[in-house]
Amino acid sequence: MIMKKRLIVIGNGMAPGRMLENVLDIDRDLFNITIFNAEPRVNYNRLMLSPVLSGDKTYEDIITHNDAWYADNSITLYKSTKIVKIDVDEKLITTDQQEIYQYDKLVIATGSNPITIPLPGRHLPGVMVYRDLDDVTKMIKVSEGKGSAVVIGGGLLGLEAAAGLAERGMRVTVIHLADTLMEKQLDPAAGYLLQSAMQLKGVKVVVGAQTTEINGQEKVEGVTLKDGRMFKCELVVMAVGIRPSTSLAESAGIAVNRGILVNDQLETSVSDVYALGECVEHRETCYGLVAPLYEMAGTLADTLCGKSGTYNGTVTATKLKVNGVDLYSAGDFADSPGREEIVLRDANAGIYKRLVLEDNIICGVVLYGDTQDGPWYFQLLKSSEDISEIRDTLIFGQAYQGGAAPDPTAAVAALPDSSEICGCNGVCKSTIVNTITEKGLTNLEEVRAHTKASSSCGTCTGLVEQLLVLSLGDDYQPALVTPMCKCTHLGHDEVRKLITANSLTSIPAVMQALEWKTSCGCAKCRPALNYYLVCEWPDLYKDDYQSRFINERVHANIQKDGTYSVVPRMWGGMTSSSELRAIADVVDKFNIPAVKVTGGQRIDMLGVEKDDLPAVWKDLGKAGFVSGHAYAKGLRTVKTCVGKSWCRFGTQDSTGLGITLEQSLWGSWTPAKVKLAVSGCPRNCAEATCKDIGVICVDSGFELHFAGAAGLDIKGTEILGHVNTEEEVLEYTKALLQMYREQGHYLERMYKWAKRIGVDVIKDTIMNQPDARENYVQRFEESQRVAQVDPWAARVKGEHQHEFNVLPMKSVRVVA
C-alpha cells in the first residue's frame with residue numbers, strides 16, 4: 001500500500017475549505033489531511049455574517065462543513081488550536097499547546113487581521129472589530145441594550161455591520177474618512193445613492209470625517225472627530241480594512257511583503273509550503289473578496305495533486321449584503337484618457353448604471369438599484385469582448401430587444417401636482433396642466449395668457465413647455481432648449497427650477513433626479529450646479545470645492561508663468577499709510593516682482609509663488625486686509641470718486657456710499673463677476689455707467705443704473721430708477737443683485753441676463769413691487785450671513801492646505 005502524504009492546513013476559512021473539496025474531488029486517497037483552526041468551530045460562510053448580525057440567519061444556517069463532513073472524509077480537525085511555529089527545515093509545526101506535528105505538504109491559510117486605528121481609547125471595553133463569528137456574537141450582545149453605536153469605516157464590512165446593528169434596534173452612525181461611501185468600489189454617483197439608502201434605513205452617515213479619539217473612562221462613551229463634533233455611543237466598531245496575517249510565515253523565514261509571496265502555483269519561497277487566501281500576495285496584489293480566494297483554491301488543489309494549474313489573478317466584483325440595497329461594481333471605473341462612459345439613470349426607480357469603456361471593451365461597471373445584468377457585464381469585462389455591435393443598447397442590459405431615447409419630460413412628470421413651476425406668479429403644476437386640458441390650450445402664449453406662468457422673467461418657460469408636451473403629446477412641438485452641456489438635455493432655467501421644486505441639495509442628488517447622462521458631470525455643468533446649489537440653499541449646501549476652477553480653489557489668479565496675483569480688498573478704493581506699508585513689507589519679504597495699481601482702484605501683487613500664498617495672506621491679514629475676490633464670480637470692486645468731501649462738483653458722499661456698498665455686498669457668489677461704481681456727480685468720474693451696477697449721485701438723491709459692460713462688449717447702463725437715500729440705494733442694490741443671482745445662468749454677465757429676461761421686467765420688479773423687492777433683500781441677507789467669511793483667513797488657519805503644498809519644479813509654464 002502506498003503511504004499517504006501528510007497534508008497540514010493552518011486555518012479553516014472559506015478558501016482552504018474550497019481547496020479541500022477540490023483535492024478530494026481529484027484524488028481523495030492522496031493525503032492524510034489535518035487542519036488546525038484557531039476558532040472553536042467548524043468551517044462556516046463568512047459572507048453570511050451580516051445576515052447573522054441582522055438576525056436573518058443563525059450560525060447553524062451558515063455552516064459550510066459540519067463535523068460529519070470532516071469525519072466522512074477522514075479529515076482531522078483541531079479546533080481552538082493555534083500554530084505558533086513552523087520549522088521549514090525539519091517540516092514541523094508547533095501548536096500553542098507545544099504539540100509538534102510533521103508534514104509533507106503545508107498550506108498556510110491564516111487569513112487576515114482587522115486593522116485597528118491607533119486612537120486614544122481604542123482599548124476601552126466596547127471597542128470591537130468585525131471579522132468573525134465571535135465579533136458578531138459580542139455585537140449582538142451589546143445591541144440587546146438598544147443603545148447607540150458608531151461604526152468607523154464606510155466600506156463593505158462597515159456598512160454591513162451598521163445595517164445589521166440598525167436591524168437589531170441600535171441607533172447607528174457611520175463615520176467615514178472619504179467623501180464617498182465605498183469609494184474603492186463605487187463612483188461618487190453610486191456612493192450618493194448608497195448613502196441615501198443607508199439613511200433611509202435609519203443609519204446616520206457622516207462622510208469626509210476623521211475620528212481622533214474614543215471617549216470614556218471605564219468603557220466607551222462616544223467618539224470625537226477632528227472638527228470637534230462628538231457622538232455618544234456604547235459601542236464602537238472599527239471596520240477600516242484588513243491586513244494579511246503574515247507573522248507566522250515571516251518568523252519561519254518564508255518570504256513576505258504585504259502578504260505571503262506566492263507564484264502562479266501558490267508556492268511560497270520554501271519548498272512544499274504553500275499559501276492561500278487573504279494572507280497571500282500574488283503579483284503585488286492582496287485580495288479580500290471570496291471570488292479570487294476560490295480561484296486560488298482551485299489552482300492550489302491542482303498543484304498539490306500534481307496537475308498543471310496556474311493562477312493569473314482575478315478581476316473582482318463587489319456586491320453589498322444589505323437588505324433592500326442592490327449594488328454591484330466590477331473592474332476599473334476611474335476616469336482616464338482614452339476612456340468613455342455610458343450612463344443610464346432612472347430617477348423614479350432609483351436606478352443608476354454606468355459602464356466605462358476603453359477601445360470598445362468594458363473595463364468598469366457600476367450598478368445601483370438594478371443589478372441583474374451585473375454578471376453579464378462582468379463576463380464581458382473578463383473576456384475583453386468587443387462590444388461595438390451592441391454599443392447602442394448595451395446599457396439596457398442583456399435582455400434588451402430594442403432602444404428608446406430618454407424621455408426629456410421625465411423630471412417634470414415626476415413632480416407632485418403641488419410643485420411650484422412659476423415662482424414669479426405662484427403657479428403650480430396642477431394649475432397649468434388642468435388649464436391646458438380644460439381650455440384646450442395648444443401653445444405657450446395661450447398658457448401665459450390664462451395662467452401667467454412663464455409671462456414674467458421667463459425662467460420657467462422650459463418647464464411649462466414640457467407640461468405642454470406631457471398634456472398634448474406629439475401635437476405640441478416646443479421651442480428648442482439649449483442644454484447646459486452634453487451631460488443633460490435640460491437648460492439652465494429648467495435645472496434651477498427643478499433643484500428648487502425637488503428640494504435637491506447636492507450635486508449627486510441633482511444628477512440622479514434629473515437623470516444626468518454622465519456619472520459625475522463635466523467642467524461645464526459641475527461649476528454651474530455648484531453655484532445654483534450655493535445660491536438656493538446657502539445654509540444647507542456645502543460649497544463643492546472640487547467643482548471650482550483653479551483660481552477659485554486657491555483664491556488667487558494664476559498667471560502665465562504659474563505664479564499668482566494677490567489683490568487685497570480696498571474698500572471703495574480707499575487705503576492708508578499703514579496698509580501701504582504692510583503691502584510694501586509683503587512685497588519685500590516675499591520678493592514679489594511686480595506691483596500694479598488696477599483699474600478697480602486696488603493694488604495687485606503679481607508673481608507670488610503658490611506655496612507662499614498662505615504666508616502672504618497671513619501678513620496682509622495682520623494689517624486688516626481680506627480677499628479682494630479678484631478671481632471670483634462675485635463682487636469684485638466698488639469704484640468711487642472722492643465725492644463732495646473733496647470735490648467742488650460732488651453732490652453726495654460717493655466714497656462713503658461706495659465703502660458701505662462694498663462692505664455690505666462682498667461675499668456671496670454670483671453667476672459671473674460683478675463690478676460696481678459710485679460717481680459723486682453726473683460728470684461720472686468713477687465710470688458708473690459702464691458697470692454691472694452703477695450709482696450716479698445727484699442733488700436730489702441717487703440715480704441707479706445696471707447692465708453695463710466695458711470688456712469684450714461695450715455697453716452703457718440701463719437706468720433702473722431714482723431713490724432718495726443711501727439706505728434705499730443699499731436696499732434696491734441688494735434686491736437687484738439677488739434677482740440676478742437667482743435668475744442668471746452660470747457665467748452670464750448681468751447685461752446678458754437683462755437682455756434675456758427683459759430690462760422692463762427687472763425695472764418693474766425692483767422699482768414697483770415692494771413685496772418682491774423685500775423678499776429679494778431678505779434672501780440676499782440670508783446668503784450673506786453664511787458667505788461673508790474671508791477665504792484667505794480660513795486658508796491661513798489650514799483649510800485646504802494640500803492646495804499649497806507644492807513640490808519643487810525647475811520650470812512652470814501655463815499656456816493659454
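Student: In which hand, left-handed or right-handed, does α1 pass α8?

Tutor: This model is predicted: local features require a pLDDT of at least 70, side-chain atom pairs count only at pLDDT 80 or more, and totals for chains, interfaces and linings use all residues. Residues are numbered from 1 along each chain as its sequence is written, while side-chain values use heavy atoms, with hydrogens and water left out. A crossing is called left-handed if the near helix is turned anticlockwise from the far one by less than a right angle, and right-handed if clockwise. By this convention, the crossing of α1 and α8 is right-handed.

Student: At roughly what angle do the axes of α1 and α8 cross?

Tutor: Helices (H or I, at least four residues) and strands (E, at least two) are DSSP runs, numbered from the N terminus. Axes are lines fitted to C-alpha atoms, for helices over the stretch in contact, and angles run from 0 to 180 degrees between N-to-C directions. The axes of α1 (residues 14–27) and α8 (residues 290–304) come within 8 Å, and they cross at roughly 35°.

Student: How many of the residues in the contact of α1 with α8 are nonpolar?

Tutor: Contact means heavy atoms within 4.5 Å. On the α1 side it involves M14, A15, R18, M19, N22, V23 and I26, and on the α8 side V290, L293, Y294, A297, G298, L300, A301, D302 and L304. Ala, Val, Leu, Ile, Met, Phe, Trp, Tyr, Cys and Pro count as nonpolar, Asp, Glu, Lys and Arg as charged, and the others, Gly among them, as polar. Two residues of this contact are polar and two are charged, while the number that are nonpolar is 12.

Student: How far apart are the axes of α20 and α21?

Tutor: In α20, L657, T660, L661, S664 and L665 meet E726, V729, L730, T733, K734 and L737 of α21. These residues divide into six nonpolar, three polar and two charged. The crossing is right-handed. Helix α20 (residues 654–665) and helix α21 (residues 726–743) pack at an angle of about 35°, and the distance between their axes is 11 Å.

Student: Why does T95 count as buried?

Tutor: T95 is found in strand β7 (residues 92–95), and beyond four places in sequence its contacts are F36, T81, K82, I83, V84 and Y101. Buried means under 20% relative accessible area, exposed over 50%, and partly exposed in between (1.4 Å probe, protein chains only). T95 counts as buried because its relative accessible area is 0%.

Student: What distance separates the side chain of T95 from the backbone nitrogen of Q97?

Tutor: A polar contact is a pair of N or O atoms within 3.5 Å; within protein, one must be able to donate a hydrogen and the other to accept it, and residues adjacent in sequence count only if both atoms are side-chain atoms. The side chain of T95 reaches the backbone nitrogen of Q97 at 3.1 Å.

Student: Which residue is joined to N215 by a side-chain polar contact of 3.0 Å?

Tutor: N215 is found in strand β15 (residues 211–215) and, at 13% relative accessibility, counts as buried. Beyond four places in sequence, N215 touches residues including L124, V220 and M230. The side-chain partner at 3.0 Å is T224.

Student: What is the relative accessibility of N591?

Tutor: N591 is found in the loop between α18 (577–589) and β32 (594–597). Although not a glycine, N591 has a positive phi of about 50°. N591 counts as exposed because its relative accessibility is 66%.

Student: What separation do the C-alpha atoms of A630 and H555 have?

Tutor: A630 lies in the loop between α19 (613–622) and β34 (635–640), and counts as buried at 16% relative accessibility. A630 and H555 are 75 residues apart along the chain, and their C-alpha atoms are separated by 8.3 Å.
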